[in-house]
Amino acid sequence: MGRSVSYPSGAIVAFTVLEVENDDDWDFEYEWLREDLRERAGQAFPSLIAHDGWRGREDRILMRNAYADFGVSVYAGLVAVWIVERDDGAYWDADWRTARSPRAQRWLSQIASRFEALFGDYVCLGHMSNGEGVYAKRVA
């Protein structure tokens with residue numbers, strides 16, 4: 001499969017596909033995907049709480065904790081489920097007082113393999129010269 005989807009720089013990313021048979025069902029399927037991701041992330045990582053926001057124009061934040069934003073980005077049916085260190089004013093204000101960034105990086109590195117296994121159905125094999133990614137179904 002060859003496609004590209006954006007996600008925040010530095011994120012741990014897992015890829016899946018949003019299959020919509022009828023264009024009229026796209027909003028329903030996208031909402032279902034977001035709710036499913038919130039439920040699974042909340043069970044796997046209990047410190048995450050619901051949060052509705054954006055990182056840039058294309059990357060939707062679904063949940064966050066003291067260290068990280070958990071979210072989703074979709075383009076042409078390819079879904080990037082990601083988790084990345086927070087990058088908002090309140091986070092950096094708190095970091096100034098109690099250095100959160102090293103703890104955030106440690107927590108993210110500890111959950112990386114579990115995150116990818118939980119949310120990833122595809123692996124990114126690389127990118128072509130035009131920036132389009134090449135993905136293959138993850139072997140179980």
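## Arg55 in strand β3

Arg55 is part of strand β3, which covers residues 49–55. The model is a predicted one. Is Arg55 buried or exposed? Its relative accessibility is 16%, and the cut-off for buried is under 20%, so Arg55 counts as buried.

Apart from neighbours within four places in sequence, Arg55 is in contact with Pro8, Ile61, Asp69, Trp82, Val84, Glu85, Arg86 and Asp87. With one of these, Asp69, the side chain of Arg55 forms a polar contact of 3.0 Å. A polar atom of the Arg55 side chain also lies 3.1 Å from the backbone oxygen of Glu85. Ser6 is 49 residues away from Arg55 along the chain, and the C-alpha atoms of the two are separated by 11 Å.

## Arg60 in strand β4

Strand β4 consists of residues 59–64, and Arg60 has its place there. Arg60 counts as buried because its relative accessibility is 12%.

Which residue joins its side chain to that of Arg60 by a polar contact of 2.9 Å? The partner is Asp52. Asp52 also belongs to the list of residues in contact with Arg60 once neighbours within four places in sequence are left aside.

## Strand β2 and its partner

Strand β2, residues 12–17, and strand β6, residues 78–85, run antiparallel and are joined by 6 bridges. How many residues of β2 are buried? The count is 5 of its 6 residues, and the strand is mostly covered.

Gly120 is found in the loop between α3 and β7, the latter being residues 122–127. With a relative accessibility of 6%, Gly120 counts as buried.

Leaving aside neighbours within four places in sequence, the contacts of Gly120 are Ala14, Phe15, Phe115 and Arg138. Phe15 is 105 residues from Gly120 in sequence, yet their C-alpha atoms are 4.8 Å apart in space.

## Helices α1 and α3

Two packed helices are described by the angle between their axes and the distance between the axes. Helix α1 (residues 26–44) packs against helix α3 (residues 101–119) at an angle of about 145 degrees. The axes of these helices are 12 Å apart, and their crossing is right-handed.

Which residues of α1 and α3 meet? From α1 they are Leu37, Arg40, Ala41 and Ala44, and from α3 they are Arg114, Leu118 and Phe119. By type, the residues of this contact divide into 5 nonpolar, no polar and 2 charged.

Note on methods
Residues are numbered from 1 along each chain as its sequence is written. This is a predicted model: local features need pLDDT of at least 70, side-chain atom pairs count only at pLDDT 80 or more; totals for chains, interfaces and linings use all residues. Side-chain values use heavy atoms; hydrogens and water are left out. Axes are lines fitted to C-alpha atoms, for helices over the stretch in contact, and angles run from 0 to 180 degrees between N-to-C directions. Helices (H or I, at least four residues) and strands (E, at least two) are DSSP runs, numbered from the N terminus. A crossing is left-handed if the near helix is turned anticlockwise from the far one by less than a right angle, and right-handed if clockwise. Contact means heavy atoms within 4.5 Å. Ala, Val, Leu, Ile, Met, Phe, Trp, Tyr, Cys and Pro count as nonpolar, Asp, Glu, Lys and Arg as charged, and the others, Gly among them, as polar. Buried means under 20% relative accessible area, exposed over 50%, partly exposed in between (1.4 Å probe, protein chains only). Two strands pair if DSSP finds at least two bridges between them. A polar contact is a pair of N or O atoms within 3.5 Å; within protein, one must be able to donate a hydrogen and the other to accept it, and residues adjacent in sequence count only if both atoms are side-chain atoms.
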